[in-house]
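The tour below goes from one selection to the next and says what is found at each stop.

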Amino acid sequence: MRKLMRVVSVATGIVAAAVVSFSAPAMAAGGGGDIKQHEWTFDGPFGHFDKASLQRGFQVYREVCSSCHGIEYISFRNFADLGYSEAEIKAIAAEYEVTDGPNDEGEMFQRAAIPADRVPSPFPNENAARSANGGAYPPDLSLIVKARPDGANYLYSLLTGYADAPSDMKVPDGMYYNKAYSGNLIAMPQPLYGDDITLANGGDTSPEALAEDLVTFLAWTSEPEMETRKRTGIAVMLFLFVMCFVSYGSMRYIWADVKKAKA
Amino acid sequence: MSETVENQGRRDFIVVATNTMLAVGAVAVAYPLINQMNPAADTLALSTIEVDVSAIEEGQAITVKWRGRPVFIRHRTAEEIKIAEAVSLDDLRDPQDDASRAENPKYLVIQGICTHLGCVPLGQKIGEVKGDFNGWFCPCHGSHYDTSGRIRKGPAPTNLEVPPYAFLSDSVIKIG
Amino acid sequence: MASPEFKNPVVKWIDHRLPVFSFMHHELHEYPTPKNLSYLWNLGSLAGLALVTMIVTGIILAMHYTPHVDHAFASVERIMRDVNHGWLIRYIHMNGASFFFIVVYIHIFRGLYYGSYKAPREILWMLGVVILLLMMATAFMGYVLPWGQMSFWGATVITNLFSAIPLVGDGIVTWLWGGFSVDNPTLSRFFALHYLMPFLIVGVVILHIIALHRFGSNNPLGIDVSGKQDTIPFHPYYTSKDLFGAMVFLTIFASAIFFYPNYLGHPDNYIPANPLQTPAHIVPEWYFLPFYAILRAIPDKLGGVLFMFGAIAVLFVLPWLDRSPVRSGRFRPLFKVFFWLLLADCVLLGYLGGKPAEGIYVTLSRLATAYYFIHFLVILPLLSVVEKTRPLPQSISMPISGGGMGAAVAAKRGKADA
């Protein structure tokens, strides 16, 4: 047992050292911004998405973000995860138009979207997006939480981080002061004010509450498999814990005669 | 060596338990590794399609792609329906009456895959060969199908298959 | 090698013509193994487990992945979102690379501490270094395949290393790229090679095992097996111990896959590659950080590349740098101290590799790099001459001659000192 302890401590030491040396760059990359730590329902091994919050977040995305930001990896059928029924998903999809084709005449044509379609993006490509937004590129949001260090907290801080610039700071035209953004100058105007949206399922419309719903929705678009993953993980961990115990018992049983001969 | 018999039994048990759990674990690991080759969610999402048939003129047909294969939808004329219904079942290689093949006799919905060796029969477009029975003709090995898509002549063993479908309304059918 | 008597007539019939069963019995069953191996000797079989895991999940990912710059990123997302259990298989593969390196690094440091590279195991050791090199190449090319920002810029920076070679450098880089920048031809060939190299690793691993089985495992005492009383059959003793080790390993591995799958990755790699914009702070995967620190520590392009490769090359000649006849660090009081210093130095290099190349970090990188080479090129040869080693036990199961101290006691003392 002492031997085991020693090996475990050395191994943990090496792993911990590796982890420390690794996590350093992640922190360095997030520098420059003021990041608030927020509590999320999807944090931790038992984390889950709150369906009502996801639906509100989707509405906020649709009414506020979707004019500039796409969620290209999400299909309408995925909205079943938000708690919508098949009929509701069909209705949501039908409100969008997608390009299909070519038809028999070789022309591309517009048709109403069906659940199997991806949610259409506002711009056909990055250049179009840049030219419509004064050179700034509104990134696609389907992976945004995974694509930023401490993504959920970062986005929450960014969405609620608009403030008046300090008097010694010059804010150029088309830029806005944001406490969370690296460099504090962001091309995206403040998206959430709170008073200009009425949530379908009657949620709180303070900017903080809207930001929380929106980030929850975006956490889901980034990791739609999260709930399944964590649930599977719990089962796998339980199995492996038991497996560790019985395989340790087997080993002790098999080694009993060798240990005895030594003593 | 001073183990009691009882103790020995308990400890043998642990080896058996380990091996059993190992086998269970191996099966649990194998499942996702095998299941990943089944159709993915995006493929399954397209396994049912909805088709608006109101735009098909009488006497004309359209081909839609369903699960990667052609489905023929023909808006049959009254005469075609009459011929299809009049055929005696004794004359058929694969006896099926027309009513059991077309829920709504106006629209015939069949898989455009010859039951012989999987070619796509002709007869969809105006001007294409429709075969001796005015239905479809498979150019690969010369199978003739009638206006109900039943095999009448040639090597194919069975009628053109009817895919699972349902009318959602008078003009929209859901295939799959 | 006396063939075992097989009871099953089919097995017997086959074995007479194709002695695979005898071979397996000899190499995996009765294979005599020192009876005093510690848990650090589990890492070899764990590395094998990691390799098999990577190959199996890798082949599956290749069934769904598209090696084209326009589709690679989206095809990975399709794996994550639409393929049945695709997220699981991809996260196993992604984290598997890190865990493979963790296992192999511990395996290497175990070899360093117990002198497993010394005669007659020099070739065994060198084959291990070849495996490390192949792993690094495989991991690097695999990291390019998702075609995220880090993929692209990692590929650009690392392939540019070759431009440091005088005269032909630029030509080599263009040849590697198949164009004038990292682009579709680069991605396609990296995919092909990433698929190929694991099988080369399997080949070298087989050689590694053949070399291992020639003289058998080294052991914590570092002394040769003196007879049957020192060994036990591999099965069931070490199979049961390896199984237990594997379960502990899988438990840690699974906790990363299911609960922190992106902890060891970099967020920027979830942004599609953009050849016109470099991320603010690019770093390689953690397992390359010590080497990356050495690369940046040298203020000369060619020099940096040479030192970085030199850090691995020095391992090749290690058996001839450390001439001390005593293998195990347990009986080498001075070596032991320097071993832990080296480990600390490597961890420090890893830390520095993740820091921006400025200010104090540069100075520290240079010192740590210098120390790394001094350890191998100066300290080890010197220790071989000046170090006064402790008396070795007579055999693994016998008391030390004269001293009357049991091997187990000696081992315990060594432990306490370590």
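Begin with A:S53: apart from neighbours within four places in sequence, A:S53 is in contact with A:E212, A:D213 and A:T216. The model being toured is a predicted one.

**Stop 1: A:S53 and chain A**

Keep A:S53 selected and show the helix around it, α2 of chain A, which covers residues 51-65. Is A:S53 buried or exposed? A:S53 counts as buried because its relative accessible area is 6%, and the cut-off for buried is under 20%. A:S53 and A:G203 are 150 residues apart along the chain, yet 8.3 Å separates their C-alpha atoms.

Chain A has 7 helices and 4 strands. Chain A has 263 residues, and 43% of them count as buried. Taking the contacts in chain A between residues at least 6 apart in sequence, 63% join residues at least 24 apart.

**Stop 2: a hairpin in chain B**

Move to chain B and select residues 61-66, strand β2, together with residues 69-75, strand β3. These two strands of chain B run antiparallel and are joined by 6 bridges. One place to look is B:K65, whose bridge partner in β3(B) is B:P70. β2(B) and β3(B) form a hairpin, with 2 residues between the strands. Select B:R67 in the turn: this residue has a positive phi of about 50°.

**Stop 3**

Select residues 172-175 of chain B, which make up strand β9.

Strand β1 of chain B, residues 49-52, pairs with β9(B) in the antiparallel sense over 4 bridges. Within this pairing, B:E50 has B:K174 as its bridge partner in β9(B). Strand β8 of chain B, residues 165-167, is also antiparallel to β9(B), with 3 bridges. Here B:Y165 stands opposite B:I175. β8(B) and β9(B) are joined by a hairpin through 4 residues.

**Stop 3: cysteines**

How many disulfides does the structure hold over all chains? There is 1. To see this disulfide, select B:C119 and B:C140, whose sulfur atoms are 2.0 Å apart. The link of B:C119 and B:C140 is left-handed, with -100° about the S-S bond. B:C119 lies in the loop between β4 (107-111) and β5 (134-138) of chain B, and B:C140 lies in the loop between β5 and β6 (143-146), so the pair ties together parts 21 residues apart in sequence.

Stay with chain B and select B:C138, which is in no disulfide. The nearest cysteine sulfur to that of B:C138 belongs to B:C114, 3.7 Å away; the cut-off for a disulfide is within 2.5 Å. B:C138 has a relative accessible area of 2% and is therefore buried. B:C140, at 38% relative accessibility, is partly exposed.

**Stop 4: the largest cavity**

The structure has 6 cavities of 30 Å³ or more. The largest cavity contains about 780 Å³ of space. To find it, select C:M54, C:H93, C:G142, C:Y143 and C:H194, which lie nearest its centre among the 40 lining residues. Then display α3 (43-64), α4 (72-81), α5 (86-113), α6 (122-144) and α9 (184-215) of chain C, the elements that each give two or more residues to this lining. α5(C) gives the most, with 8 residues. Coloured by class, the lining shows 27 nonpolar, 11 polar and 2 charged residues.

**Stop 5: C:A311**

End in chain C with helix α12, residues 301-316, where C:A311 is found. C:A311 is buried, at 0% relative accessibility. Leaving out neighbours within four places in sequence, C:A311 is in contact with C:F291, C:I294, C:Y372 and C:F373. Last, select C:R323 as well: C:A311 and C:R323 are 12 residues apart in sequence and 19 Å apart in space, C-alpha to C-alpha.

Note on methods:
Residues are numbered from 1 along each chain as its sequence is written. Chains are lettered from A and ligands numbered from 1 in the order in which they are written. This is a predicted model: local features need pLDDT of at least 70, side-chain atom pairs count only at pLDDT 80 or more; totals for chains, interfaces and linings use all residues. Side-chain values use heavy atoms; hydrogens and water are left out. Two strands pair if DSSP finds at least two bridges between them. Buried means under 20% relative accessible area, exposed over 50%, partly exposed in between (1.4 Å probe, protein chains only). On a 1 Å grid over the protein atoms alone, a cavity is a set of points where a 1.4 Å probe fits but cannot get out, and a pocket is an open set with protein on both sides within 12 Å along at least five of seven lines; lining residues have an atom within 4 Å of a point. Grid points are joined across faces, edges and corners, and a volume is the space filled by probe spheres set on the points. Ala, Val, Leu, Ile, Met, Phe, Trp, Tyr, Cys and Pro count as nonpolar, Asp, Glu, Lys and Arg as charged, and the others, Gly among them, as polar. Contact means heavy atoms within 4.5 Å.
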